[in-house]
Amino acid sequence: MTGPDPRVDPDVDLRVPADRGELATRPGAVLGSVAAGGALGALARAGLQHAVPHGPTGFPWATFAVNLTGCLLIGVLMAALERSGGRRPLLRPFLGVGVLGGYTTFATYAVDVRLALDAGAPEVALGYLAATSLGALVAVWLGDAVAGRLLDAARHGQPQRGTGR
């Protein structure tokens with residue numbers, strides 16, 4: 001193969017002709033990466049939810065933790081991928097779509113809110129609804145900002161060739 005690797009990103013806009021051809025380049029590798037990562041992420045989530053169960057009127061701490069830590073890691077991943085220069089094209093499908101997509105669960109979050117409302121615990125439902133929405137946004141921003149600064153500092157703090165630093 002000559003030249004740079006073709007872009008591999010399953011988050012394509014199928015209305016854009018260039019994006020439609022992206023998956024045709026390596027569909028098996030992309031789909032395999034997503035599937036393997038998704039299985040790992042789903043297993044991690046299921047294990048945490050099994051370890052920290054909750055009743056219908058209780059605050060779903062496991063799902064809350066899964067979604068916030070997943071969002072934090074998505075922010076970290078975005079900062080790392082932005083600075084990687086696309087040298088590992090299957091990393092995003094594996095970690096972003098696969099592992100973190102399988103790990104986070106906003107469908108369960110919505111079901112938990114509904115179950116709390118149905119069980120007569122509106123304060124839990126509304127608190128969980130607001131805390132997850134706000135917390136997820138803050139976690140993505142925090143992960144991206146902190147990881148970006150650390151990666152930039154590490155890059156600029158590395159000794160330059162021939163400078164003796």
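Biologist: How exposed is Leu72?

Modeller: Leu72 is partly exposed, with a relative accessible area of 31%. Keep in mind that this is a predicted model.

Biologist: Which helix is Leu72 in?

Modeller: Leu72 sits in helix H4. That helix covers residues 61–84, which is 24 residues. From its first C-alpha to its last, H4 reaches 34 Å, close to the 34 Å expected at 1.5 Å a residue.

Biologist: And what does the chain do just after H4?

Modeller: Gly85 comes there, and takes a positive phi of about 75°.

Biologist: Back to Leu72. Which nonpolar patch is it part of?

Modeller: A surface patch made of Leu72, Leu73, Val76, Leu134, Val138, Trp141, Leu142, Val146 and Leu150. Together these residues have about 820 Å² of accessible area.

Biologist: Which elements give two or more residues to the patch?

Modeller: H4 and H7 do. H7 gives the most, with 6 residues.

Biologist: Changing topic. How many salt bridges does the structure hold?

Modeller: There are 2 salt bridges. One of them joins Arg83 and Asp152, whose closest N and O atoms are 2.8 Å apart. Arg83 belongs to helix H4 and Asp152 to helix H7, so this pair ties together parts that are 69 residues apart in sequence.

Biologist: Why would two such side chains pair up at all?

Modeller: Side chains of opposite charge can pair when their charged atoms come close.

Biologist: What about Arg114 and Asp118?

Modeller: Their side chains meet in a salt bridge, with 3.2 Å from N to O. Arg114 and Asp118 are 4 residues apart in helix H6, so about one helical turn separates them.

Biologist: Why does a spacing of four places matter in a helix?

Modeller: An α-helix has 3.6 residues a turn, so residues three or four places apart point the same way.

Biologist: Buried or exposed, for Arg114 and Asp118?

Modeller: Arg114 counts as exposed, because its relative accessibility is 53% and the cut-off for exposed is over 50%. Asp118 is exposed too, at 54%.

Biologist: Now the aromatics. How many aromatic pairs are there?

Modeller: The structure holds 6 aromatic pairs. Phe59 and Tyr128 have ring centres 5.2 Å apart and planes at 80°, so they are edge-to-face.

Biologist: Which aromatic pair does Tyr128 form with Tyr109?

Modeller: An edge-to-face pair, with 5.2 Å centre to centre and 70° between the planes. Tyr109 lies in helix H6 (residues 106–118) and Tyr128 in helix H7, so the pair ties together parts 19 residues apart in sequence.

Biologist: Is Tyr128 buried or exposed?

Modeller: Buried, because its relative accessible area is 1% and buried means under 20%. Tyr109 is buried as well.

Biologist: Which residues do the ring pairs link into a cluster?

Modeller: Phe59, Trp61, Phe64, Phe106, Tyr109 and Tyr128.

Biologist: Last one, Ala46. Where is it?

Modeller: Ala46 is in helix H3, and at 40% relative accessibility it counts as partly exposed. Its C-alpha is 9.9 Å from that of Gly102, a residue 56 places apart from Ala46 along the chain.

Note on methods
Residues numbered from 1 in each chain as written. Heavy atoms only, no water. Expected span 1.5 Å × (residues − 1). Phe/Tyr/Trp six-rings, centres within 6.5 Å; stacked < 30°, edge-to-face > 60°. Buried < 20%, exposed > 50% of the residue type's maximum accessible area, 1.4 Å probe, protein only. Patch = residues over 30% accessible without salt bridge, like charges linked within 9 Å, V, L, I, M, F, W, Y side chains within 5 Å. Areas by Shrake-Rupley, 256 points an atom, 1.4 Å probe, with all protein chains shown as cover. Salt bridge = Lys/Arg side-chain N within 4 Å of Asp/Glu carboxyl O.
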